[in-house]
Amino acid sequence: MATVAVQSFVSAPLQVPKVTQFKIGICQLKVTTEKSANIFNARSMIQAAAEQGASLILLPEMWNCPYSTDLFAKFAEDFSDIDSAPSLLMLSEVASSLGVTIIGGSIPEKDAGQLYNSCPVFGPNGELKAKHRKIHLFDMGKPLPGEVQFKESDNISAGEKPTVVDTDFGRIGIGICHDIRFPELAMSYSARGAHLVCYPGAFNMSTGATLWELEQRTRAVDNQLYVASCSPSRDSAGSYMIWGHSTVVGPMGEIIATTGHEEAVLIAEIDYAVIQWTRESLPLESQKHNDIYQFVDLLRESPNS
């Protein structure tokens, strides 16, 4: 059996980014069955967020496509050919024209005969800086009361690695919807020096009511960093009814800003000095007992990566 080199839990130093205080824009948009309409609406909401001072903008999970597994292939785009991918091309163009960084929610990605639920990240020059493929696919066991059966893995392949991207607004970790349920992913982002973890997601009415806010606050307070989420609005197309309630959470688990379930642009202020203050006030890192337990990151290349 081959051996695997592992990196034990040694947190990367928290670097001071180019911008430490900024506004984040959360675009909780209504998704329709018309791809062109979704692209137009997303562009309009990104522009509205930028007009309100947002320089980092987050979109929802599956914003160009109704959240229905039978439609993913029809709406999918090839990330290796942005010029033929209208959703990606719009994100690139609007990021460049507005000079903003866009965490592009997620859209269906097609690659080598497979479909992925993928989040693109575009920098202010319009360049595709990173791509996160959803790692943890949402497969229901027994449906919760009032919910339809849903098995994402029937149509979508799972991603195989975590994603952290360095931006002018710090090091950002990316998770998509069900990724938030797994604390190890957020722990790995914290260990890699993330300031913020962004979760585009589409929790349903049952899991949304019980878990959506709880999971966000838990990921933030356990790792002493910021968490931002973005959902489609509840009146989006499809049989899968979405909870909504996009949110920004601070390092102490406090709700900084949140929406209802309707279409909305949410603007929140982020100040990374709060991370430093929180960690100095409650120095959890130095209080960990690595002699009793250790977190292992199988894919981390070095302590500073």
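Modeller: Buried means under 20% relative accessible area, with exposed over 50% and partly exposed in between, using a 1.4 Å probe and protein chains only. By that cut-off, buried residues make up 53% of the 305 residues in the chain. This is a predicted model, in which local features need pLDDT of at least 70, side-chain atom pairs count only at pLDDT 80 or more, and totals for chains, interfaces and linings use all residues. Residues are numbered from 1 along each chain as its sequence is written, and side-chain values use heavy atoms, without hydrogens and water.

A nonpolar core is a set of buried Ala, Val, Leu, Ile, Met, Phe, Trp, Tyr and Cys residues joined through side-chain atoms within 4.5 Å. The largest one here has 42 residues, and I24, I103 and L196 have the most contacts inside it. Contact means heavy atoms within 4.5 Å. Apart from neighbours within four places in sequence, I103 touches L56, I57, L58, L59, C119, P120, V121, I172, I174 and C198. A second, separate core has 23 residues, including I57, L91, V94 and I102.

Now the chain as a whole. Of its contacts with a separation of 6 or more, 70% are between residues 24 or more positions apart. The chain has seven helices and 15 strands, where helices (H or I, at least four residues) and strands (E, at least two) are DSSP runs, numbered from the N terminus. The C-alpha atoms fill a box of roughly 55 × 50 × 40 Å, taken along the principal axes.
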